Amino acid sequence: MKKIDFHIHTVKTISDSYFEFSLEKLKQYVIECDIDAIAITNHNFFDLNQFLSITEELRGLCTVFPGIEINIGDNSLGHILCISEPDRLDDFNTKSTLINAEIETPSDYIGFEKLSNIFGDLENYLWIPHYDKKPNVNKSIISKMGENIICGEVHSAKKFIYCIKDEKEKTPVLFSDCRLTDSTNEFPSRHTFVNVDELTIKAIKRSLLNKNNITLSEQEGNSRYNILSDLIISSGLNVILGGRSSGKTYTLNRIAENNDNIKYIKQFELLERDTEKAAQKFNERIAAKQSSISKDYFQLFAQVIDDIKTVSIDDDTKRIEKYINSLKKHASEQNRKDQFSRSTLYSETKYSIDNLETLQNVIDSVKVLIDAKRYSNIIEKYLQKEDLTKLYVDLITQYNKEKELVLKKEWINEFINDVQHSLQARTSITMVKDVDFLEIKKNRNKVEKFNELAELVKKEAVIQKNTLEGFTIQATKKPFKGPLELKKESGRRDVAFSEIYEHYLNNPYKFLVGIINMPDISEVDYYKFFAKVDYQILNKYGFELSGGERAEFNLIQEINDAYQYDMLLIDEPESSFDNMFLKENVNKIIKDISLEMPVIIVTHNSTIGASIKPDYLIYTRRSIDGKEVHYERYCGLPSSKYLISNSGEKIQNRDIMLNSLEAGEEAYEERRAVYDLLKE
């Protein structure tokens, strides 16, 4: 097995933040991490002279491959590594110069055709796209490159293990993507082991074709990998044991500092010190996490508000009044009729214009059915594609006919309008104002229905109820009890709801109009002011949570949130929670998560340390040499007789377990004897 890191930056380019490369640190990195091969892959740039210097400095230590990280894409930017054989340096340097000429800004990229024109036969290189790592290469580019793409770079061990297990995914590789400087204190731990005898691009490519040849550690395969340069962990559940100040938390902190996308639950983090403030903060956190519930629940009501907010009963009333007044005046002026007012067009009513939105929606829906590939086998059981296509054509034909009629009516209406304005200017007879009584009637019906719906929305009811490890998360809607509650919902100090609160109780439409007239209240939030949503977390007996139960629920939520991350770290959960809760609730969740990602727990409690049945043990021990503090780690399986340090020193696993989790064998035997007596 050869340990490789094919993603190292040594030159600051337009795509990099400032750094000063240290050749001495690179050499130290190769030696201390025992790297067999590296590739120099700067952004869209290859420095031949620097590459030769690096190769000479590392001669006899590791193989150095020339490479370049290229901006590539169709419609968006992605990064792809191109690695060449070292014996083709001049040709590779020439092609890299052509790439550099194409990229003038960090957002520039080239397409597949340009890449092919520059490099010619792509088979001569190892191509490694950002696969599950940002900015990832478009699938269309990967498809065009065909068999030249045999692997992909991922950003974490979690993604590596996922791709290894999934037959449909490309072979994953994990590299450092590092920039080593004089100030680098912690070397990266992201490397890939490849089962090859000779370090050539051809040999590595052949090995990458079989996922069984690719691992994250030399001895243990993909179930073990380096999380730090001097620490191997399991890809499952790891427990760190040790005495006080032995380096347990220090180790967790180093892991958190040197790895990305980590969920870290620190010791005592969830304990409550100020009960009142903690309860308020807890409720606010729950409301924030659950806010999407109310948004989803009130989605249709929000759509109704979008429709009704354009209705103005006041404007409709004014239009009717203008119509009546103009009609009365027109009637009283009949004796003054002249040739202009007698014209037919003078009193002509305009066409009503049909809304084609519904027909357009039907056309769009049929097109969705025609284009649906994923469910086409189900659709075609009932609707043949040929029939759908004919329907689509007929609907478009109908739409065009109706659209033509609409355009004609609009033209005629404009013509009538122009004529009427011209006649009005020449006659002394008042023209009767146009009014659409049907539209006004529809508007009043809408308001009536809206008021009924708003009353139903205000009615108290549980809108969602979920359970999580014995806790019930419940969302309840209810009416606002006063203007102060409405003001609190708005989150603003400069608005007052006292003048419109009576409308909230008796006339929801007028209440909506009042909200619309308020300054700086977003239209998308109008629905929030019709029903208050309370979020409650209840214990298994249906009561509100105590302070301790709030902390327990927070821990469970924090652990569940870890699914969004690549790794979970927990520091001594027993410091805040009792053993029964840990055993019955926490252990199960942690075990489940460890099937998806690495989990590392620091503990000195047997409920977590032993009952949880970890996959891997790490024991920390501190030693002091003069003024310097050293932390030694011993690792192994829970079933191993010995735990072994990096230097090869062994210690008895049984002694570590008893001393760390049970306060020693003597104390353990005494407690066991007491329990046996109580049992008898």
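Biologist: What makes the contact between Asp 177 and Lys 133 a salt bridge?

Modeller: The term means a side-chain nitrogen of Lys or Arg within 4 Å of a carboxyl oxygen of Asp or Glu. For Asp 177 and Lys 133 the N to O distance is 3.1 Å, so the pair meets that cut-off. Bear in mind that this is a predicted model, where local features need pLDDT of at least 70, side-chain atom pairs count only at pLDDT 80 or more, and totals for chains, interfaces and linings use all residues. Side-chain values use heavy atoms, without hydrogens and water, and residues are numbered from 1 along each chain as its sequence is written.

Biologist: Why is Lys 133 called buried?

Modeller: Buried is under 20% relative accessible area, exposed is over 50%, and partly exposed is in between (1.4 Å probe, protein chains only). Lys 133 has 12%, so buried is the word. Asp 177 has 22%, so that residue is partly exposed.

Biologist: Which parts of the chain does that pair link?

Modeller: Asp 177 is in the loop between strand S7 (171-173) and strand S8 (178-179), while Lys 133 is in the loop between strand S5 (126-132) and H5, 44 residues apart. Helices (H or I, at least four residues) and strands (E, at least two) are DSSP runs, numbered from the N terminus.

Biologist: How do you know that Asp 74 and Lys 144 form a salt bridge?

Modeller: Their side chains come to 3.6 Å, N to O, so they pass the same test. Asp 74 sits in the loop between strands S3 (63-72) and S4 (78-83) and Lys 144 in helix H5 (residues 139-145), so the bridge ties together parts 70 residues apart in sequence. Asp 74, at 28% relative accessibility, is partly exposed, and so is Lys 144, at 40%.

Biologist: Why are S20 and S21 said to pair?

Modeller: Two strands pair if DSSP finds at least two bridges between them. S20 and strand S21 (residues 628-636) have 9, in the antiparallel sense, so they qualify. Thr 620 has Arg 633 as its bridge partner in S21.

Biologist: How many bridges join strand S13 to S20?

Modeller: S13 (residues 237-242) and S20 (residues 616-625) have 5, in the parallel sense. Here Gly 242 stands opposite Thr 620.
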